[in-house]
Amino acid sequence: MVTGEFWWGRRVFLTGHTGFKGSWMSRVLLNMGAELTGYSLLAPTQPNLFSMAGLEGNIKSIIGDIRDFEKLNDAVKKSSPEIIIHMAAQPIVRESYKDPRYTYEANVMGTVNILECIRHCESVKSFVNVTTDKVYHNREWCWGYREDDSLNGYDPYSNSKSCSELVTSSYKNSFFGDGKTAVSTARAGNVIGGGDFAPDRIIPDCIRAVMKKEPIVVRNPHSTRPYQHVLEPVFAYLMIAEKQYEEPGKYAGSYNVGPDDCDCLTTGELADVFCSAWGGGAKWENKWRGGPHEANFLKLDCSKIRKTFGWRPRWHIAKAVAKTCEWSKAWLAGKDAAAAMDCQIKEYMRGE
């Protein structure tokens, strides 16, 4: 797994640091003593985890657009990072139907821009591009997709991430073949956790509903997805970045990051788990309202990351949902959100 000693004082550049997953990543890196520079747009929601997590004054935070190459390149040069983790993206499927051009600009040209920065920055030794499980050509198979399966996401978001994978592969082959910079991509499934306020995500929708004392509206209760707590992929990304930094020729590549088969649930089953964990008479209703195409079944085969690193998920879905509810109730009670994050990070690292 991740070793705190490696990250102490390590210069890290993180794109997308103001988002939900980026805020958890930033908090983990801050706790491990990394010298962190974040580059991102303003936090995408209100409220937002980045503000709650107490990160603004504790890391170097640069507000900028990943599409702005000149500003991004200047930020990379000035921070002289050893490791870059690329998480900046337009991450919502339904939003990609509303604004496909922006989605492609952010997710494809954003990847080109960060790789172009790396090409001209000799300090970078390890790069991880965070994509998604939706990069695969989804045939609605009952078995999981492997890293060498075809990439061809259906909707603009998924397809833009497939393109991001191809861009990364091309740059790796064309410019990083000497091994001085190790390059990997990581394809994670759906994540849950405290502090996610994004629209069109099942757990945030659940929390918004129970806050209003309303039934939870589930728009597609029969779609199956791999769900995992946000700390699972965050630590997997750091593990990949660390190991390929130390042995680039051995570990650089593409990795699926997903839960065990028992944690691949339908949306309705996940809503059941949430209602049980939250208590207080929480319930959900099936109210299909139509909308653009979304996959019904999607699962990852994570044999590669398990065999390569001995990696295993630590928190199964019941615990992941319980931890999400725990954080959310602490926040609603006016407790310190950053302290609640740190407590869960420590529990996760201890394997509790």
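Trainee: What makes the pair formed by the side chain of T181 and the backbone oxygen of V124 a polar contact?

Mentor: A polar atom of the T181 side chain lies 2.8 Å from that oxygen. The term asks for a pair of N or O atoms within 3.5 Å, where, within protein, one must be able to donate a hydrogen and the other to accept it, and residues adjacent in sequence count only if both atoms are side-chain atoms. So 2.8 Å qualifies. Keep in mind that this is a predicted model, where local features need pLDDT of at least 70, side-chain atom pairs count only at pLDDT 80 or more, and totals for chains, interfaces and linings use all residues. Residues are numbered from 1 along each chain as its sequence is written, and side-chain values use heavy atoms, with hydrogens and water left out.

Trainee: Why is T181 called buried?

Mentor: Its relative accessibility is 9%, and buried means under 20% relative accessible area, with exposed over 50% and partly exposed in between (1.4 Å probe, protein chains only). So T181 counts as buried. T181 is found in the loop between α7 (156–175) and β6 (182–188); helices (H or I, at least four residues) and strands (E, at least two) are DSSP runs, numbered from the N terminus.

Trainee: Which residues does T181 contact, neighbours within four places in sequence aside?

Mentor: I118, V124, K125, S126 and F176, where contact means heavy atoms within 4.5 Å.

Trainee: How do you know that the buried residues of α4 are on the same side?

Mentor: In α4 (residues 69–79), the buried ones are L72, N73, A75, V76 and S79. They cover an arc of only 160° around the axis, taken from the directions from the helix axis to the C-beta atoms, so they share one side of α4. E70, K77 and K78, on the other side, are exposed. Among the elements covering the buried residues are β1 (11–15) and α6 (100–119). Just after α4, S80 has a positive phi of about 45°.

Trainee: What makes β6 and β10 a pair?

Mentor: DSSP must find at least two bridges between two strands, and these have 4, in the parallel sense. One of them joins A186 to Y255 in β10.

Trainee: What about the faces of β10?

Mentor: Both are covered: S254 and N256 are buried on one side, Y255 and V257 on the other. In a regular strand the side chains alternate between the two faces of the sheet.
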